[in-house]
Amino acid sequence: EGARIAAEKVRVAIATSPWTQLTPGHLVTASLGLAEWRVGETAMELVKRADEALYAAKHGGRNRVRAS
């Protein structure tokens with residue numbers, strides 16, 4: 001839960017920063033995927049679930065946090 005809250009704060013900070021000086025006419029947003037390590041899970045399995053959560057965030061409309 002703590003990681004989700006921190007990721008949401010990062011997402012909001014990026015979305016509300018004054019990027020117009022760097023990217024006139026464009027919005028900057030972030031999609032983040034989170035996964036919590038499960039007992040017995042390999043590093044590759046953990047990364048795969050986090051990656052799946054990231055793509056779920058992107059496909060869900062971008063600029064959001066998803067946890068696996």
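1. Accessible areas here come from the Shrake-Rupley method with a 1.4 Å probe. On that basis the protein chain, which is a predicted model, exposes about 5100 Å². Carbon and sulfur atoms supply 60% of this area.

2. Secondary structure. The protein chain has 2 helices and 2 strands. Read from the N terminus on, the elements follow the order α-β-α-β. The radius of gyration is 14 Å, whereas the globule rule gives 11 Å for 68 residues, so the protein chain is more spread out than a compact globule.

3. The C-alpha trace of the protein chain spans about 45 × 20 × 20 Å along its principal axes. Of the 68 residues, 15% count as buried.

4. Contacts along the sequence. Among contacts in the protein chain with a separation of 6 or more, 51% are accounted for by residues 24 or more positions apart.

5. Charges. The protein chain carries 10 positive and 7 negative charges.

6. Ala 35 sits in the loop between β1 (32-34) and α2 (43-59). Its relative accessible area is 27%. Buried means under 20% and exposed over 50%, with partly exposed in between, so Ala 35 is classed as partly exposed.

7. Ala 35, surroundings. Leaving aside residues up to four places away in sequence, Ala 35 touches Leu 46, Arg 49, Ala 50 and Ser 68. Two of these partners, Leu 46 and Ala 50, have numbers that fall within α2 (43-59). Gln 21 is 14 residues from Ala 35 along the chain, and the C-alpha atoms of the two are separated by 34 Å.

8. Asn 63 is found in the loop between α2 and β2 (65-67). With a relative accessible area of 23%, Asn 63 is likewise partly exposed.

9. Asn 63, surroundings. Asn 63 touches Arg 11, Ala 15, Thr 29, Ala 30 and Ser 31, again not counting residues up to four places away in sequence. With one of these, Arg 11, there is also a polar contact: the side chains of Asn 63 and Arg 11 are joined at 3.2 Å. Asn 63 and Ile 5 are 58 residues apart in sequence, and their C-alpha atoms are 15 Å apart in space.

Definitions and conventions: Residues are numbered from 1 along each chain as its sequence is written. This is a predicted model: local features need pLDDT of at least 70, side-chain atom pairs count only at pLDDT 80 or more; totals for chains, interfaces and linings use all residues. Side-chain values use heavy atoms; hydrogens and water are left out. Helices (H or I, at least four residues) and strands (E, at least two) are DSSP runs, numbered from the N terminus. The radius of gyration is taken over C-alpha atoms; the globule rule is 2.2 Å times the number of residues to the power 0.38. Buried means under 20% relative accessible area, exposed over 50%, partly exposed in between (1.4 Å probe, protein chains only). Contact means heavy atoms within 4.5 Å. Lys and Arg count as positive and Asp and Glu as negative; His and the chain ends are not counted. The place of a charge is taken as NZ of Lys, CZ of Arg, CG of Asp or CD of Glu. A polar contact is a pair of N or O atoms within 3.5 Å; within protein, one must be able to donate a hydrogen and the other to accept it, and residues adjacent in sequence count only if both atoms are side-chain atoms.
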